[in-house]
Each structure stands twice: as C-alpha cells, then as structure tokens.
Amino acid sequence: MLRFLVQFGVLMVSAGVFAAEHWAFQPLRPAAGGSIDELVRRKLVEKGLKPSPRADARTLIRRASFDLTGLPPVGEAEGDFSQFVDRLLASPQYGEQWARHWLDVARYSDMKGYVYAREEKRWVHARAYRDWVVRSLNDDMAYDRFLLLQMAADQVVPPKSPDLAAMGFLTLGRRFLGVTHDIIDDRIDVVTRGTLGLTVACARCHDHKFDPIPTRDYYALYGVFQSCAEAVVPCTTGEDAKLAEVVKKNHDLMTKRREEQMARTRARAKDYQKALTELEKYPEQGFDQIIDEKDLNPFIVHRWKAWVEAHPGVELSEEALKATDSPAYVPDEHITNNEMYFPSGVITELWKSQGEVDRYLLNNRTAPEHATVLVDRALPSTPRVLLRGNPLTKGDAVPRQFLSLFGAQRPFTQGSGRLELAKAIIDPRNPLTARVMVNRIWQHHFGRGLVSTPSDFGKQGTAPSHPELLDWLAQRFIDSGWSIKAMHRLIMMSETYQQSSSGGAVDPAHPDPDNRLLWRMNPHRLSFEEARDAWLMAAGRLSLEVGGTPLPLFAADNQRRTLYTLVDRENVPAVMRTFDFANPDLSIPQRTETTVPQQALFGMNHPFVVQQAKALLGRADVKGADAAERVRRIYGHLFQRAPRADEMEQALRFVQEDEPRVIVQADHSKAWQYGVGEWDESTGRVKDFKPLPHFTGSAWQGDEAWPNAKLGWAQLTATGGHPGNDRKHAVVRRWIAPADGTYAVKSTLLHEPAPGDGIRSFISHSEQGRLHAGRLHQGRAELNFDTLAFKAGETLDFVVDIGEVLNSDQFLWSMRIQQSGLAGAGGETRDSTWDAEKDFAAQPRSQLNNWEQLVQVLMLANEFMFVD
C-alpha cells in the first residue's frame, strides 16, 4: 500500500493539480459501509427517498434470466433465488450473453470493412476470438488474465494454445486500407477506452484538451504497436496436410519475392543514396501510389534516410546492406506488414497467394482454427511524435512506456513493451481497470452505470452517482480474484437489484426523476439479439449450438442465437441498425436506445416474425390443445405466466370471430415465379428450373448474403436482376397463365454497363419453345408479342444469363402481360394486366388467420419486449 501511495504521490507532481484532484485517477478509497444496499440507501436517505419493495418471484426470475443468459426462463424455477442465479451462471448461454457486451467494446466484426479487391474480406480469426470470449466468460476466467491474454497471449501461452485466439481484441479492427497510422490509432483506442476508460486517442495530434495525457504519451504507446507485426498462427493442435501445402506455397512465394526485392534494392544503392537529396520526389505516404519494379520505392527511400540519420558517418557497404537492420532488408512477415516494400504488381500477387490460405481456412470446417496475433519485431522502434498527427513532420523521439498520469514511468525494455503495457493495465494498484469493469457489469444489470460514460472516466465523462460504492465494488472485484461471476452474484443478491420497477410515470419534481440514486429498478427493453432469440425460443425453434461459423441473419437455416450472425462492418443488416446494433467500426461501451416507426413495422411486416408466430402455433403442446388451453400455452411460452381472466376472454373472443370478407383487387403476384436454371439450346427451353430460395423483402436470391456460396450473383428484383456466375445459373422470371386465352406481351430489356461483354436473353413458351434469343451489351431491346395463345397453367419464361464472362451483367427488364379482349372502353384494367414490377412488390403475400394474428400481436407486446 505504501508503494501505491508513493506512486500516486509522484502522479500529483508529474501530472499537475488536476490529475491529483480528478476522482478517477486517485487510489481506491476504503468505503465506510459493508454492502451495496447500505451504500445505496445512504444516498437515498440524503434525498428523503425510500427503496421500492421487492419484485415478485416471476419478475425476478425473468429479470435474472435475461440479464445473465439473454433468454427467457424455461420451466419452473426450483429452489431459492440464489440457487437460480447460480444455475444461470453455470449455463453455456451465460457466456454468449456477456460475450456480446464485450464484443461491442472490442468492435467485433467478421469482415475487415472496405479493402482492395485483391484481399480476402473475411477475417480468418473472427469466430475463434468470439468463441474464445464465450468460453472464457463461461469458465469465469479472472478478468486480469482475460485482459492479459487479449493484449499479450503470444508471450504468456505456448504455441498452438487456444488462448492465442484472445488477441483478436487487437487485430479485428478496420483495415483502414492498410494505413499503418490509423490501424495503430484504432488499437490504442480500443485498449485505453476498453480497459482504462481513457480517451488517449484524443492526444494523437495535440495534448489532450481535458485529461493529463500529453501527445508524448500517445506516441509512447504508438511505439509499442509499431514494434509489433501481425501473424496468422494455429490456435489448436490439429493438422491438415492440404493446409500445410497451401501455407508452404504461400511462404515460398513470399521468400522468393523478398529475395528479389532485397537484391533490387542493393543493386540500386547509389540511386537510393542520391534520392536523399531530392526527397520531395518520394512522398512518404505512398500507399496510394502505383510502384513499378524499375521505380525507387518511396518507403525504402525514407527507411534509407532514417538509417543514415541513425548511423552518422557509417557507409552502407554491400555487407551492411545484407544486415537485418539495413534499409534494403525486407522482413519475413505476413503480407499485411511488409507490402509497402514491393512493387504494386508483386503486392497483388502476394495478396492473391495469401487469399488462397485465408479462403482455405474459412471454407473448410475441418481446418484447424487460426488466430491473428501480434508478435514483437526483433528490432523494436523508437517512436517519434508526429507533429499535429502528420507523419511527414516528425518531432522528438519518445521512449515506449506507460501513461505518465500514473506517475513517473520507466521505459519498456522487453521487446515492444506490449507485455509490460498489459501488466501495467492489470496491476491491482491501477485504480481505473477494476473501476471500469465493475461499472460495465453494473451498467448491464441496471441499464446505466454508476458512471454513465462507461468508456470515459476523464474530466469530460460524468462523475459517479455513488463514488463510495464504485470503489467498494472495485476493491471487492480485485479481492475476489477478479471474478466476474462473483460480481454478478454480489450485485444480484442485493435488495437494490431485487427492487420492483413499478411506479409508472414520475413527476419531474421528484427528487430523483431519472432514478440515478436507484430507488427502484429500471425496466430493460430487449436488444435486437434478445428479442430475436426470445421469438425463436417461444416458437420452439432456437438452436443452442455453441460456436462455429457465422450465418447471415435471415438465412433460411439460421435458427441459432443472434450472437452467431455474420457481422459485416461494411453492410450491417438494416434491421440490426434499426434496432441500435453497435457500430462495429468503433469501440461501443453502451448502445443507444431509439424508438422509431421502422421497429414496429419490422414486427408487423417482416416474414421472420410471421414465421415464428406460425411455428409457435405448430408446437405439439399448442397445436393439439383446445382453444382455452392453446391460449394458456401461448401465454406461457411468451410471458412465462398464465393469462388473466380478462385476457383469456378477449383472446377467445378474437380467435372465434368470423374473419371479415375483404374485397380486394386481383392478386396477380401468384402468377409469377422467380428461379434459376440452364438455357437448353436444343429444346429452346429452361431445364432444371429451381425457385430462388431466399426473399429479402426487395429481391429473390440464394441467401441473405449477396453474392452467396449457393447461387453466386443470381438475383431477381422488381425491375431486373443479375444472372448467376455461369450459364448453368441463368435467372428466370416465370409467368403462369391463369386461364385459357390470348395475351399480349410488352417488355423492354436494358443492359447499361460498359465493362464486360454483356448478357444473353431468351423468352420461352412452355409449349411453343423459344420465342426470342439475343445478346445485349450496353443497349436496349424492345421484346414484344401482340398475340400469344396460352392454356391455363402454361408458362412464359424471361431468361438472362452471362455473355462469355461474368462482368457487370446487371440488367433491367420491365414486362407487362395483358389478356386480349378484356380491356374496358377506357383502356387497360388491373384485372387483365400483369405488371412484373407492381406484382413483384407484393411478394411474398400471405394473410394471417385469427390465431396467427393473436400470436403476432402478443409477440410485439410491451410485456414481451420489456423486462421489469
């Protein structure tokens, strides 16, 4: 303790009066109280408030179940509340729920974001990191080790250890088009905001405006990450001969290209030396330049300059140029780290080779799991301050070390210093780490942290509502061995947590209208993940399989927890954005909570919700019951209670009412089908027609993702579409004649893009065969037929496939079909005209019966969407 006080005594001198005064930078203070309830009630008494009564048993069980597992409770809760909490903490679903909270902080994504087309867009290690977080939380891994492994697992666990996956915390951020400065900034931000609640990245261009974080501190940490390189390594002991072959081929190519580049550089030593006199020709930030093999590489020019400055008077001999610290040396590292040494054509070649490795790991379920880690470079960098954040204006050199607000620091001496940085963060004497994490845990139990800015404990953040309680919890957290599960038990066993949330609207004149002093519990609205999982669970369809490959959100076979949905930071599904999903580009400590019409419209209109309503009614215990028992079972699955007498009466009256007759215009949507097949030249018809399996609400395609592994680029929309990747997967818009008669067809086909060689198009009658065949590239074709005879059930296919190559084959094709002789005196009537665009907008169309409407309404009720 003496050492701790001495350290913070230095803090007062080195960081100024403000640093000493700000509550977050001071040591944990012993609290004059022995429990959560005592410390909370002390504040209530000061305001003349009283706590609310204890919530009823059903409410507590539902609250605890959603808090700890993100799912509604199942069956009867046996034993007392503490035993129920222990069972929830032992459930595999606990780790999944709390992993999602941490993944928001870790800016988790399965995809890299925008990258050049040469690079594989999917992370090979994302799922391994996600699953590691789930396992670690389920195992109640001590939080200090949880953080240590995420920052320096490569230095504390053996090769092929599953714990290497933890380093996805550092390596899953955006690629930033390969701009090193931005990648490092992202890593500094996620580490300091995520673990310390400090906005250190604000000091990139100037001293922090509010907190005692000088720019020198930012670049001290910058040097730590600048001295590290990415590496893709196995995190399991499994072997794969084919993978080993692909990896060897990739490494051999890298070795060959490295040797060629080093030889080219040594051969032009005089030219590089001369280039130092005309540096204006060689911009240092040349990531967007195209470099030919004959060009001097600007990156190497500036490395040459740095070497000369560091070795005044020393001549770069042939022998010196072969040394590993020479400007001619290309490190034997992943292409991510050394691409700047090569000509542009070689970079593309090396990324293509690396992509073969990445895709093998991603597409083969039996391939050993791999992690993307950081490893220390043999020669760590001494960072220099970039004045105003500009890489072209370098200031003083700074040592790699920890933040000065924690007192006088010694430079790191172990490689990059990353392990020393991690140890400084998890040091029990560091008052921020424990405070930040217990505040995050508290936030997810009460809806708001004791500090309402959970990733900003600086001056711009809010002061804690209960500072003594925060410090008491932080100290208990450390004393428990950094046990997260012990912190859950401590919080959930308190009377403060077990209070009722009732009370209705609060008078603004109330001493604490926002409930900062915790005189009642805050109701919790389900997140999108919780709502989707609860719908699936009520329907009896939720798969509790843990871990593995992510799936598109609304893929037909995706009945897994929403945690395992594919997260594409470039294209987060619109519905997830609508329901306030965390932005995967940033470390998100707390989700926003909006209430917008689109949320209600999703519940009312999206096929997914309708599917779950129908599935619930199809459950064995519901389907076979009489009306009253069905209502009871429905209420049990949705709300974990029996319906009240008035609810039963209303439900039975609703489902027993005769459905009103609705006079509507003809539903022409049923006359169209959307599929893929292969054009058969010999018969003039489509063979192997198969319906496109997935409807997004605006397009029929192979799956939620587009393009996808099933059917590639094949897609049909209201106005056109795109053929599949080859001629076996032409897209087919099929019209089915509703009655015998003569019909007229008017259609216009457009292909607009200049690249590629255009498309082939066909029109085929099921009985008459081919009516049209043609090619179209950057043009327009009017494809009309004044009279075509059909018998009921016969079909007309509008078919498009690729030219010779797959390139820019999107097309527009409008079509109208009118039955002859039925138009009124004023022209066309809707009953006799089929319009592909208007009819498509109605797909898929279905009408719910009374029981289905009842279930859908209950699935959207506040009682389902909110947890008291």
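**Strand 18 and its sheet**

Strand 14 (residues 759–765) is joined to strand 18 by 7 bridges, and the two run in the antiparallel sense. The model that shows this pairing is a predicted one. Strand 18 itself spans residues 795–802 and is mostly covered, with 8 of its 8 residues buried.

**Partners of strand 18**

- Strand 12 (residues 730–736) also pairs with strand 18, here through 6 bridges and again with the two strands running antiparallel.
- Asp797 of strand 18 is the bridge partner of Arg734, and Asp797 also has Ser764 standing opposite.
- Ile802, another residue of strand 18, has Ile759 standing opposite.

- The open sheet is formed by 6 strands in the order 7-6-12-18-14-15, with antiparallel pairing.
- Strand 7 (685–691) and strand 15 (769–776) stand at the edges and have a single partner strand each, so one side of each of these strands is left without a neighbour in the sheet.
- From one strand to the next, the twist averages 25°.
- In general, the strands of a sheet pair through backbone hydrogen bonds, in either a parallel or an antiparallel arrangement.

Technical notes:
Residues numbered from 1 in each chain as written. Predicted model: local features only at pLDDT ≥ 70, side-chain atom pairs only at ≥ 80, totals over all residues. Heavy atoms only, no water. Buried < 20%, exposed > 50% of the residue type's maximum accessible area, 1.4 Å probe, protein only. Helix = DSSP H or I, 4+ residues; strand = E, 2+ residues; numbered from the N terminus. Pairing = 2+ DSSP bridges. Axes fitted to C-alpha atoms, helices over the stretch in contact; angles between N-to-C directions.
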